[in-house]
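Thank you all for coming; I would like to walk you slowly through one structure. Please have a look at the sequence and the model first, and then we will go through some places in turn.

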Amino acid sequence: MKSTDLDDLQVNIDEILQEYDNETNSVSLSLKLNISLDGNNVSKNISISPSKKDKENSIVSLEHVTKDYGLKRGIFDVSFDVKEGECFGLVGENGAGKTTTLRHIMGFIKPKKGKITVAGYDAFKQAESIKSFVGYCPGEINFPPLKDGSKLIDAKMQLLKEDYSKAANELIKEFQFNIMSNPKRMSKGMKQKMALVLALMHNPKLLILDEPTTGLDPLMQDEIRNKILDIKSQKKTIIMSSNLYDELDLLCDRVALISQGHIIAIADNNAIKNREEVDYKIEFINRDDYLHFKEENRFEIIRDQEKYSQLTVEIKKADISALFGVLKDIDIKFISQIPYTLETYFNKVLKEKEKKDE
(Lines give C-alpha, C1' and ligand atoms only; values in the text may rest on other atoms or scores of the structure.)
Protein backbone atom coordinates (compact mmCIF):
# COMPACT_ATOMS: atom_id res chain seq x y z
CA MET A 1 0.00 0.00 0.00
CA LYS A 2 1.27 3.48 -0.90
CA SER A 3 0.20 6.70 0.84
CA THR A 4 0.55 10.41 0.09
CA ASP A 5 -0.32 12.95 2.85
CA LEU A 6 -1.20 16.55 2.09
CA ASP A 7 -2.32 18.30 5.30
CA ASP A 8 -5.49 16.40 6.30
CA LEU A 9 -5.88 14.66 2.90
CA GLN A 10 -4.78 11.06 2.63
CA VAL A 11 -4.91 9.00 -0.55
CA ASN A 12 -4.25 5.27 -0.41
CA ILE A 13 -3.83 3.06 -3.48
CA ASP A 14 -5.43 -0.15 -2.33
CA GLU A 15 -5.12 -2.09 -5.57
CA ILE A 16 -3.46 -1.82 -8.98
CA LEU A 17 -4.66 -3.99 -11.85
CA GLN A 18 -2.75 -4.12 -15.13
CA GLU A 19 -4.32 -5.62 -18.25
CA TYR A 20 -2.50 -6.21 -21.54
CA ASP A 21 -4.47 -6.42 -24.79
CA ASN A 22 -2.60 -8.58 -27.34
CA GLU A 23 -4.81 -7.50 -30.25
CA THR A 24 -4.33 -3.77 -29.80
CA ASN A 25 -0.89 -3.90 -28.15
CA SER A 26 -2.09 -1.65 -25.32
CA VAL A 27 -1.95 -1.64 -21.53
CA SER A 28 -4.81 -0.53 -19.29
CA LEU A 29 -4.45 0.28 -15.59
CA SER A 30 -7.23 0.17 -12.97
CA LEU A 31 -6.56 1.89 -9.64
CA LYS A 32 -8.67 1.43 -6.50
CA LEU A 33 -8.21 4.51 -4.33
CA ASN A 34 -9.22 5.13 -0.73
CA ILE A 35 -9.47 8.85 -0.03
CA SER A 36 -9.65 10.10 3.55
CA LEU A 37 -10.38 13.71 4.53
CA ASP A 38 -11.29 14.78 8.08
CA GLY A 39 -12.18 11.23 9.02
CA ASN A 40 -14.45 10.66 6.01
CA ASN A 41 -13.46 7.79 3.71
CA VAL A 42 -14.38 7.57 0.04
CA SER A 43 -13.48 4.71 -2.34
CA LYS A 44 -12.84 5.56 -5.98
CA ASN A 45 -11.98 3.40 -9.01
CA ILE A 46 -9.94 5.00 -11.80
CA SER A 47 -9.14 3.45 -15.19
CA ILE A 48 -6.20 4.62 -17.28
CA SER A 49 -6.14 3.47 -20.88
CA PRO A 50 -3.23 4.66 -23.01
CA SER A 51 -3.52 4.90 -26.77
CA LYS A 52 -4.15 1.61 -28.56
CA LYS A 53 -0.93 2.08 -30.52
CA ASP A 54 2.39 3.62 -29.78
CA LYS A 55 1.95 6.94 -31.54
CA GLU A 56 5.26 8.43 -30.51
CA ASN A 57 6.56 10.63 -33.33
CA SER A 58 3.42 9.99 -35.43
CA ILE A 59 2.11 13.04 -37.25
CA VAL A 60 -0.87 11.35 -38.94
CA SER A 61 -3.09 8.66 -37.47
CA LEU A 62 -6.10 6.89 -38.96
CA GLU A 63 -8.14 4.63 -36.67
CA HIS A 64 -10.79 2.35 -38.18
CA VAL A 65 -11.84 4.94 -40.76
CA THR A 66 -14.86 3.99 -42.87
CA LYS A 67 -16.66 5.85 -45.65
CA ASP A 68 -19.20 3.67 -47.45
CA TYR A 69 -20.56 5.01 -50.74
CA GLY A 70 -22.45 1.80 -51.44
CA LEU A 71 -21.82 -0.91 -54.04
CA LYS A 72 -18.56 -1.76 -52.19
CA ARG A 73 -17.14 1.69 -53.00
CA GLY A 74 -15.32 3.72 -50.38
CA ILE A 75 -12.84 2.82 -47.64
CA PHE A 76 -13.47 0.37 -44.84
CA ASP A 77 -11.84 0.08 -41.40
CA VAL A 78 -8.65 1.80 -42.58
CA SER A 79 -5.99 2.16 -39.88
CA PHE A 80 -2.36 3.27 -40.08
CA ASP A 81 0.05 5.79 -38.56
CA VAL A 82 2.61 7.93 -40.36
CA LYS A 83 5.71 8.88 -38.42
CA GLU A 84 7.20 12.33 -38.59
CA GLY A 85 9.90 12.51 -41.25
CA GLU A 86 8.92 9.37 -43.19
CA CYS A 87 7.62 8.97 -46.71
CA PHE A 88 4.52 6.77 -46.64
CA GLY A 89 3.01 5.41 -49.85
CA LEU A 90 -0.37 4.09 -50.93
CA VAL A 91 -0.65 1.69 -53.86
CA GLY A 92 -3.64 -0.10 -55.32
CA GLU A 93 -5.81 -0.57 -58.37
CA ASN A 94 -7.82 2.34 -59.80
CA GLY A 95 -10.77 2.90 -57.49
CA ALA A 96 -9.05 1.10 -54.59
CA GLY A 97 -9.54 4.06 -52.22
CA LYS A 98 -6.21 5.88 -52.42
CA THR A 99 -7.65 9.32 -53.26
CA THR A 100 -10.52 8.89 -50.79
CA THR A 101 -8.01 8.14 -48.03
CA LEU A 102 -5.89 11.19 -48.85
CA ARG A 103 -8.96 13.45 -49.02
CA HIS A 104 -10.00 12.23 -45.58
CA ILE A 105 -6.58 13.18 -44.20
CA MET A 106 -6.99 16.64 -45.74
CA GLY A 107 -10.36 17.02 -44.02
CA PHE A 108 -12.33 17.30 -47.27
CA ILE A 109 -14.53 14.31 -46.36
CA LYS A 110 -16.20 13.42 -43.06
CA PRO A 111 -15.75 9.74 -42.20
CA LYS A 112 -18.82 7.70 -41.38
CA LYS A 113 -16.84 5.90 -38.68
CA GLY A 114 -13.39 6.20 -37.17
CA LYS A 115 -11.02 9.01 -36.38
CA ILE A 116 -8.24 10.84 -38.23
CA THR A 117 -5.75 13.12 -36.50
CA VAL A 118 -3.07 15.28 -38.08
CA ALA A 119 -0.49 16.63 -35.61
CA GLY A 120 -3.09 16.17 -32.89
CA TYR A 121 -5.88 17.99 -34.76
CA ASP A 122 -9.09 16.28 -35.80
CA ALA A 123 -8.70 16.18 -39.59
CA PHE A 124 -12.35 17.04 -40.33
CA LYS A 125 -13.47 19.16 -37.36
CA GLN A 126 -10.26 21.20 -37.30
CA ALA A 127 -9.47 21.10 -41.02
CA GLU A 128 -8.78 24.84 -41.17
CA SER A 129 -6.08 24.53 -38.51
CA ILE A 130 -4.05 21.96 -40.43
CA LYS A 131 -3.97 23.88 -43.70
CA SER A 132 -1.17 26.14 -42.44
CA PHE A 133 1.33 23.27 -42.18
CA VAL A 134 0.08 20.84 -44.85
CA GLY A 135 0.79 21.02 -48.58
CA TYR A 136 -1.56 19.16 -50.93
CA CYS A 137 -1.19 18.25 -54.60
CA PRO A 138 -4.38 16.61 -55.95
CA GLY A 139 -4.47 13.89 -58.58
CA GLU A 140 -6.91 15.78 -60.79
CA ILE A 141 -5.82 19.40 -60.97
CA ASN A 142 -8.61 21.88 -61.67
CA PHE A 143 -7.53 25.46 -61.09
CA PRO A 144 -10.08 28.24 -60.51
CA PRO A 145 -10.74 30.59 -63.48
CA LEU A 146 -8.00 33.12 -62.73
CA LYS A 147 -5.99 35.12 -65.28
CA ASP A 148 -2.59 33.48 -64.74
CA GLY A 149 -0.44 31.49 -62.29
CA SER A 150 0.58 34.59 -60.33
CA LYS A 151 -3.09 35.10 -59.38
CA LEU A 152 -3.18 31.55 -58.03
CA ILE A 153 -0.21 32.34 -55.82
CA ASP A 154 -1.88 35.56 -54.62
CA ALA A 155 -5.05 33.62 -53.79
CA LYS A 156 -3.09 31.02 -51.83
CA MET A 157 -1.29 33.72 -49.83
CA GLN A 158 -4.63 35.40 -49.03
CA LEU A 159 -5.91 32.04 -47.78
CA LEU A 160 -2.84 31.51 -45.59
CA LYS A 161 -2.73 35.19 -44.56
CA GLU A 162 1.05 35.32 -45.09
CA ASP A 163 3.38 36.61 -47.80
CA TYR A 164 5.20 33.65 -49.35
CA SER A 165 6.02 35.34 -52.67
CA LYS A 166 9.81 34.96 -52.19
CA ALA A 167 9.53 31.20 -51.62
CA ALA A 168 7.09 30.88 -54.54
CA ASN A 169 9.47 32.70 -56.88
CA GLU A 170 12.35 30.43 -55.85
CA LEU A 171 10.24 27.35 -56.64
CA ILE A 172 9.18 28.80 -60.01
CA LYS A 173 12.84 29.41 -60.85
CA GLU A 174 13.71 25.86 -59.82
CA PHE A 175 10.91 24.28 -61.89
CA GLN A 176 11.56 26.61 -64.85
CA PHE A 177 8.09 27.29 -66.20
CA ASN A 178 6.04 30.32 -67.19
CA ILE A 179 3.44 31.14 -64.54
CA MET A 180 1.94 33.92 -66.64
CA SER A 181 0.03 31.35 -68.70
CA ASN A 182 -3.69 30.89 -68.18
CA PRO A 183 -3.99 27.99 -65.69
CA LYS A 184 -6.76 26.39 -67.73
CA ARG A 185 -4.48 26.26 -70.79
CA MET A 186 -1.41 24.89 -69.04
CA SER A 187 -0.07 21.50 -70.13
CA LYS A 188 -0.25 18.54 -67.76
CA GLY A 189 3.39 19.05 -66.78
CA MET A 190 2.96 22.79 -66.18
CA LYS A 191 -0.17 22.19 -64.10
CA GLN A 192 1.74 19.68 -61.99
CA LYS A 193 4.56 22.16 -61.42
CA MET A 194 2.09 24.92 -60.59
CA ALA A 195 0.31 22.65 -58.11
CA LEU A 196 3.64 21.78 -56.47
CA VAL A 197 4.55 25.46 -56.13
CA LEU A 198 1.22 26.07 -54.38
CA ALA A 199 1.75 23.02 -52.17
CA LEU A 200 5.34 23.86 -51.18
CA MET A 201 5.49 27.67 -51.03
CA HIS A 202 4.57 27.86 -47.32
CA ASN A 203 7.23 25.27 -46.35
CA PRO A 204 4.78 22.68 -44.98
CA LYS A 205 5.96 20.01 -42.57
CA LEU A 206 3.50 17.52 -44.13
CA LEU A 207 3.13 17.04 -47.89
CA ILE A 208 0.28 14.99 -49.41
CA LEU A 209 0.69 13.99 -53.07
CA ASP A 210 -1.97 12.15 -55.04
CA GLU A 211 -0.25 10.31 -57.94
CA PRO A 212 2.19 13.19 -58.54
CA THR A 213 3.81 11.77 -61.71
CA THR A 214 0.87 10.06 -63.42
CA GLY A 215 0.50 11.11 -67.07
CA LEU A 216 3.85 12.91 -67.22
CA ASP A 217 6.66 12.14 -69.67
CA PRO A 218 9.71 10.28 -68.26
CA LEU A 219 11.87 13.40 -67.97
CA MET A 220 9.16 15.26 -66.08
CA GLN A 221 8.60 12.22 -63.83
CA ASP A 222 12.29 12.17 -62.92
CA GLU A 223 12.20 15.91 -62.18
CA ILE A 224 9.25 15.51 -59.79
CA ARG A 225 10.79 12.45 -58.11
CA ASN A 226 14.07 14.28 -57.55
CA LYS A 227 12.15 17.11 -55.91
CA ILE A 228 10.36 14.64 -53.63
CA LEU A 229 13.73 13.12 -52.67
CA ASP A 230 15.01 16.63 -51.91
CA ILE A 231 11.99 17.29 -49.67
CA LYS A 232 12.48 13.93 -47.98
CA SER A 233 16.13 14.79 -47.24
CA GLN A 234 14.83 17.80 -45.28
CA LYS A 235 13.05 15.37 -42.88
CA LYS A 236 9.62 16.47 -44.07
CA THR A 237 6.75 14.01 -43.82
CA ILE A 238 5.31 12.85 -47.14
CA ILE A 239 2.20 10.79 -47.87
CA MET A 240 1.81 9.90 -51.52
CA SER A 241 -0.22 7.59 -53.73
CA SER A 242 1.05 5.96 -56.90
CA ASN A 243 0.44 3.01 -59.20
CA LEU A 244 4.14 2.84 -60.08
CA TYR A 245 6.01 0.34 -57.93
CA ASP A 246 9.46 1.54 -59.02
CA GLU A 247 8.50 5.04 -57.88
CA LEU A 248 7.35 3.82 -54.46
CA ASP A 249 10.49 1.66 -54.22
CA LEU A 250 12.64 4.74 -54.79
CA LEU A 251 10.81 7.24 -52.58
CA CYS A 252 8.97 5.53 -49.73
CA ASP A 253 10.00 4.13 -46.37
CA ARG A 254 6.75 2.20 -45.96
CA VAL A 255 3.94 1.42 -48.40
CA ALA A 256 0.35 0.33 -47.76
CA LEU A 257 -1.45 -1.86 -50.28
CA ILE A 258 -5.11 -0.90 -50.51
CA SER A 259 -7.66 -2.90 -52.50
CA GLN A 260 -11.43 -2.46 -52.70
CA GLY A 261 -11.22 0.05 -49.85
CA HIS A 262 -9.35 -2.25 -47.44
CA ILE A 263 -5.73 -2.07 -46.29
CA ILE A 264 -4.34 -5.49 -47.24
CA ALA A 265 -0.77 -5.07 -45.97
CA ILE A 266 1.83 -2.46 -45.03
CA ALA A 267 5.37 -3.12 -46.24
CA ASP A 268 8.66 -1.88 -44.84
CA ASN A 269 10.77 -1.03 -47.90
CA ASN A 270 14.04 -1.33 -46.01
CA ALA A 271 13.12 -4.83 -44.79
CA ILE A 272 12.25 -5.91 -48.34
CA LYS A 273 15.51 -4.59 -49.76
CA ASN A 274 17.52 -6.29 -47.01
CA ARG A 275 15.67 -9.60 -46.68
CA GLU A 276 17.66 -12.61 -45.53
CA GLU A 277 16.47 -14.76 -48.45
CA VAL A 278 17.34 -14.71 -52.14
CA ASP A 279 15.47 -16.29 -55.09
CA TYR A 280 17.15 -18.12 -57.97
CA LYS A 281 15.62 -19.42 -61.19
CA ILE A 282 17.30 -22.52 -62.62
CA GLU A 283 16.74 -24.27 -65.94
CA PHE A 284 18.11 -27.80 -66.28
CA ILE A 285 19.40 -29.25 -69.56
CA ASN A 286 18.59 -32.85 -68.63
CA ARG A 287 15.11 -33.69 -67.39
CA ASP A 288 16.50 -36.36 -65.07
CA ASP A 289 18.60 -33.72 -63.30
CA TYR A 290 15.54 -31.52 -62.98
CA LEU A 291 13.50 -34.37 -61.43
CA HIS A 292 16.34 -35.47 -59.14
CA PHE A 293 16.92 -31.93 -57.85
CA LYS A 294 13.20 -31.56 -57.15
CA GLU A 295 12.91 -34.95 -55.42
CA GLU A 296 15.88 -34.28 -53.15
CA ASN A 297 13.90 -31.36 -51.69
CA ARG A 298 16.97 -29.70 -50.17
CA PHE A 299 15.82 -26.19 -51.05
CA GLU A 300 12.41 -24.51 -50.89
CA ILE A 301 10.84 -24.51 -54.36
CA ILE A 302 8.51 -21.54 -54.83
CA ARG A 303 7.80 -22.06 -58.54
CA ASP A 304 7.88 -25.16 -60.71
CA GLN A 305 7.71 -24.80 -64.51
CA GLU A 306 7.78 -28.47 -65.48
CA LYS A 307 7.30 -27.78 -69.18
CA TYR A 308 10.66 -26.00 -69.33
CA SER A 309 12.45 -28.03 -66.61
CA GLN A 310 12.71 -24.81 -64.62
CA LEU A 311 12.61 -24.34 -60.84
CA THR A 312 12.67 -21.17 -58.75
CA VAL A 313 14.08 -21.68 -55.26
CA GLU A 314 14.10 -19.43 -52.20
CA ILE A 315 17.15 -19.86 -49.97
CA LYS A 316 18.87 -18.07 -47.10
CA LYS A 317 21.82 -15.98 -48.21
CA ALA A 318 23.98 -18.14 -45.95
CA ASP A 319 23.02 -21.19 -48.07
CA ILE A 320 24.07 -19.79 -51.47
CA SER A 321 27.34 -21.75 -51.39
CA ALA A 322 25.43 -24.95 -50.64
CA LEU A 323 23.16 -24.39 -53.66
CA PHE A 324 26.07 -23.82 -56.04
CA GLY A 325 27.83 -26.81 -54.53
CA VAL A 326 24.89 -29.00 -55.55
CA LEU A 327 24.70 -27.48 -59.02
CA LYS A 328 28.40 -27.71 -59.88
CA ASP A 329 28.06 -31.33 -61.06
CA ILE A 330 24.78 -30.73 -62.95
CA ASP A 331 24.37 -29.47 -66.51
CA ILE A 332 22.19 -26.38 -66.34
CA LYS A 333 21.11 -24.07 -69.13
CA PHE A 334 21.11 -21.00 -66.89
CA ILE A 335 20.73 -19.74 -63.33
CA SER A 336 19.61 -16.20 -62.56
CA GLN A 337 18.78 -14.27 -59.43
CA ILE A 338 15.19 -13.02 -59.32
CA PRO A 339 14.93 -9.47 -57.95
CA TYR A 340 12.70 -9.28 -54.86
CA THR A 341 10.87 -5.97 -54.99
CA LEU A 342 7.94 -4.22 -53.39
CA GLU A 343 5.76 -5.48 -56.24
CA THR A 344 7.00 -9.05 -55.69
CA TYR A 345 6.12 -8.81 -52.00
CA PHE A 346 2.61 -7.47 -52.55
CA ASN A 347 1.89 -10.00 -55.32
CA LYS A 348 2.82 -12.72 -52.84
CA VAL A 349 0.53 -11.20 -50.22
CA LEU A 350 -2.37 -11.06 -52.69
CA LYS A 351 -1.87 -14.67 -53.76
CA GLU A 352 -1.91 -15.82 -50.14
CA LYS A 353 -5.06 -13.78 -49.54
CA GLU A 354 -6.76 -15.36 -52.57
CA LYS A 355 -5.96 -18.83 -51.22
CA LYS A 356 -7.50 -17.98 -47.84
CA ASP A 357 -10.61 -16.53 -49.47
CA GLU A 358 -11.22 -19.64 -51.62
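Predicted model: local features only at pLDDT ≥ 70, side-chain atom pairs only at ≥ 80, totals over all residues.

Let me begin with isoleucine 208, which touches Leu102, Ile105, Met106, Val134, Gly135, Tyr136, Cys137 and Ile239, leaving aside residues up to four places away in sequence, where contact means heavy atoms within 4.5 Å. Residues are numbered from 1 along each chain as its sequence is written, and side-chain values use heavy atoms, with hydrogens and water left out.

Isoleucine 208 has its place in strand 11, residues 206–210; helices (H or I, at least four residues) and strands (E, at least two) are DSSP runs, numbered from the N terminus. With a relative accessible area of 0%, isoleucine 208 is buried, and I use buried for under 20% relative accessible area, exposed for over 50% and partly exposed for what lies in between, with a 1.4 Å probe and protein chains only.

How many disulfides does the structure hold? It holds 0 disulfides, a disulfide being a pair of cysteine sulfur atoms within 2.5 Å. Cysteine 87 is in no disulfide, and its nearest cysteine sulfur, that of cysteine 252, is 3.8 Å away, which is too far for a bond. Cysteine 87 counts as buried because its relative accessibility is 0%, and cysteine 252 is buried as well, with a relative accessible area of 4%.

Let me turn now to helix 11, residues 342–357, which has 16 residues and reaches 23 Å from its first C-alpha to its last, close to the 22 Å expected at 1.5 Å a residue; the expected span is 1.5 Å times one less than the number of residues. Which residues of helix 11 are buried? They include Leu342, Phe346 and Val349, and, seen down the axis of helix 11, its buried residues fall within an arc of 55°, so they line one face of the helix. The arc is that of the directions from the helix axis to the C-beta atoms. As background, an α-helix has 3.6 residues a turn, so residues three or four places apart point the same way.

The buried residues of helix 11 pack against strand 7 (87–91), helix 7 (245–251), strand 13 (254–259), strand 14 (262–268) and helix 8 (269–273). On the face turned away from this buried side, helix 11 carries the exposed residues Lys351, Glu354 and Lys355.

Next come the aromatic rings. The structure holds 9 aromatic pairs, where rings of Phe, Tyr and Trp (its six-membered ring) pair if their centres lie within 6.5 Å, and planes under 30 degrees apart count as stacked, over 60 as edge-to-face and the rest as tilted. One of these pairs is formed by tyrosine 280 and phenylalanine 324, which are edge-to-face at 5.8 Å centre to centre, with 90° between the planes. This pair links distant parts of the chain, since tyrosine 280 is in strand 15 (residues 277–284) and phenylalanine 324 in helix 10 (residues 320–327), 44 residues apart. Tyrosine 280 counts as buried at 9% relative accessibility, whereas phenylalanine 324, at 38%, counts as partly exposed.

Phenylalanine 284 and phenylalanine 293 form a tilted pair, 5.3 Å centre to centre with 50° between the planes, and both of these residues are buried. Phe284, Tyr290, Phe293 and Phe299 form one aromatic cluster. Tyr290 is also among the residues touched by glutamine 305, together with Lys281 and Gln310, again not counting residues up to four places away in sequence. Glutamine 305 lies in strand 16, residues 300–305, and is buried, with a relative accessible area of 16%.

Alanine 119 has a positive phi of about 50° although it is not a glycine, and lies in the loop between strand 8 (113–118) and strand 9 (121–122). Glutamate 211, also not a glycine, has a positive phi of about 45°, and is found in the loop between strand 11 and helix 6 (218–233).
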